[in-house]
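User: I'm new to reading structures and would like a close look at one part of this one. Could you walk me through the aromatic rings and what surrounds them?

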Amino acid sequence: MALNRSQLKKAIELLQAADWQAAHEIVQTDEESPLACWAHGIVHIMEDDLPNARYWYRQAKRAFPSKPDPAVEIDRLREALGN
């Protein structure tokens, strides 16, 4: 199921609040859209599961950062969403 804009915004808010578990529950429902896959990758960076994070970045068609920083990635995702 594709996430709508408000669901993705909520996931980003949860990521910003360091509640990656709640964000994961939202983003794992959408395995198709690039922004949701990117958010899913950020969840796994926060969880310190880098192999899984790399998988989701590939699904999002994004280069995996050489020094993954969740705060930087969350800001970039928020900007990509237009917030």
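Is Phe64 buried, exposed or partly exposed?

Analyst: Phe64 is partly exposed, with a relative accessible area of 21%; buried means under 20%, exposed over 50%, and partly exposed in between, using a 1.4 Å probe and protein chains only. Before going on, a word on the model: it is predicted, so local features need pLDDT of at least 70 and side-chain atom pairs count only at pLDDT 80 or more, while totals for chains, interfaces and linings use all residues. Residues are numbered from 1 along each chain as its sequence is written, and side-chain values use heavy atoms, leaving out hydrogens and water.

Now for the rings. Searching the whole structure turns up two aromatic pairs. Rings of Phe, Tyr and Trp (its six-membered ring) pair if their centres lie within 6.5 Å; planes under 30 degrees apart are stacked, over 60 edge-to-face, and the rest tilted. Tyr55 and Trp56 have ring centres 5.0 Å apart and planes at 85°, so they sit edge-to-face. Tyr55 is partly exposed at 33%, whereas Trp56 is buried at 6%. Phe64 belongs to the other pair, with Tyr57: this one is edge-to-face too, at 5.1 Å centre to centre and 80° between the planes. Tyr57 is buried, with a relative accessible area of 0%.

His44 lies in helix α3 (helices are DSSP runs of H or I with at least four residues, strands are runs of E with at least two, and both are numbered from the N terminus). His44 is buried at 5%. Beyond its neighbours within four places in sequence, His44 is in contact (heavy atoms within 4.5 Å) with residues including Trp56, Ala53 and His24.

Another ring to look at is Trp38. Arg62 lies over its face, 3.6 Å from the ring centre; a charge sits over a ring if NZ of Lys or CZ of Arg is within 6 Å of the centre and within 35 degrees of the ring normal. Trp38 is also among the residues with the most contacts inside the largest nonpolar core, which has 22 residues. Such a core is a set of buried Ala, Val, Leu, Ile, Met, Phe, Trp, Tyr and Cys residues joined through side-chain atoms within 4.5 Å. Helix α3 gives the largest share of this core, seven residues. Leu77, another of those with the most contacts there, touches Trp38, Ile12, Leu35, Ala39 and Ile42, not counting residues up to four places away in sequence.
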